[in-house]
Amino acid sequence: RQSVLAMGKISVSEAAYLTAVLHALKYPAHAVNGVLLGSFADGGVRVEQAVPLLHSDLALAPMMEAGLALIDEHCAASKSQVVGYYHANAVHDNKDVSAVAKRIADKIHETVKERCKHEACLMVVDNLKLETVASKMRTSTDLGGECGVRVLVKNGGSGAWVASPEKAEIEGTEQGSAQARLVELVAKGKQASLVDFDNHIDNHSLGWMQPVV
């Protein structure tokens, strides 16, 4: 019998949501990924920050490992924890968890479970849903909570990443304020100033792991 691993409430800060989406919007022709930082409490997950990692070759293990090692150092210094992974596909209408995304998410899940006995989550940016959000915002203020991302948890039987039994709470998305903030940031070109690990490697003067919003 397949079962979703027990996990309590998942909440995502507005800043983490905006960072992941802006990363995807900066590189619309590329797959992008990053790590979610936060804390575990009462069996649930609180995502406070999204740290952008790569936009070039997500399957390049040395780059991924180097980025994750630096994030671990950051977590040790800031008393935060790795609580999950985010991913956006390169193919515009592909909302599935790709093989590369699954491999990285599985690895992070395994590492988190070994370290602190908790379950990491996976946040997937859905490009088509983002278009729907933008279209709706031009004609209506009622988005029905649609924000262009899905939060998944690991199925204990099949090992697949599936929708959380309890809908994740992404701050500001039910009221539409987070989506409105996203539109405002994009209008100002904020995505262009986002720095991921790839950018930092190319130019060390660019600050990485600093809050984007």
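Is G84 buried or exposed? Let's start there, and keep in mind that what we have here is a predicted model. G84 is buried, and its relative accessible area is 0%. You'll find this glycine in strand β4, which covers residues 81-88. Setting aside neighbours within four places in sequence, the residues in contact with G84 are V35, L36, I108, A120 and C121. Have a look at H109 too: 25 residues separate H109 from G84 in sequence, yet their C-alpha atoms are 7.1 Å apart.

Now let's step back to the whole chain. There are six helices and eight strands, and in sequence order they run β-α-β-β-α-β-α-β-α-β-β-β-α-α. Along the principal axes, the C-alpha atoms fill a box of roughly 45 × 45 × 30 Å. Of the 213 residues, 47% are buried. Among contacts with a separation of 6 or more, 74% are between residues 24 or more positions apart.

One more residue I'd like to show you is D196. This aspartate sits in the loop between α5 (177-187) and α6 (197-202). D196 is buried yet has no salt bridge; K26 is the nearest side chain of opposite charge, at 6.1 Å. What D196 does have is a side-chain polar atom 3.2 Å from the backbone nitrogen of D198. Not counting residues up to four places away in sequence, D196 touches H23, Y27, P52, L53, L54, H55 and W208.

Conventions:
Residues numbered from 1 in each chain as written. Predicted model: local features only at pLDDT ≥ 70, side-chain atom pairs only at ≥ 80, totals over all residues. Heavy atoms only, no water. Helix = DSSP H or I, 4+ residues; strand = E, 2+ residues; numbered from the N terminus. Buried < 20%, exposed > 50% of the residue type's maximum accessible area, 1.4 Å probe, protein only. Contact = heavy atoms within 4.5 Å. Lys, Arg positive; Asp, Glu negative; His and termini not counted. Salt bridge = Lys/Arg side-chain N within 4 Å of Asp/Glu carboxyl O. Polar contact = N/O pair within 3.5 Å; in protein donor to acceptor, adjacent residues only side chain to side chain.
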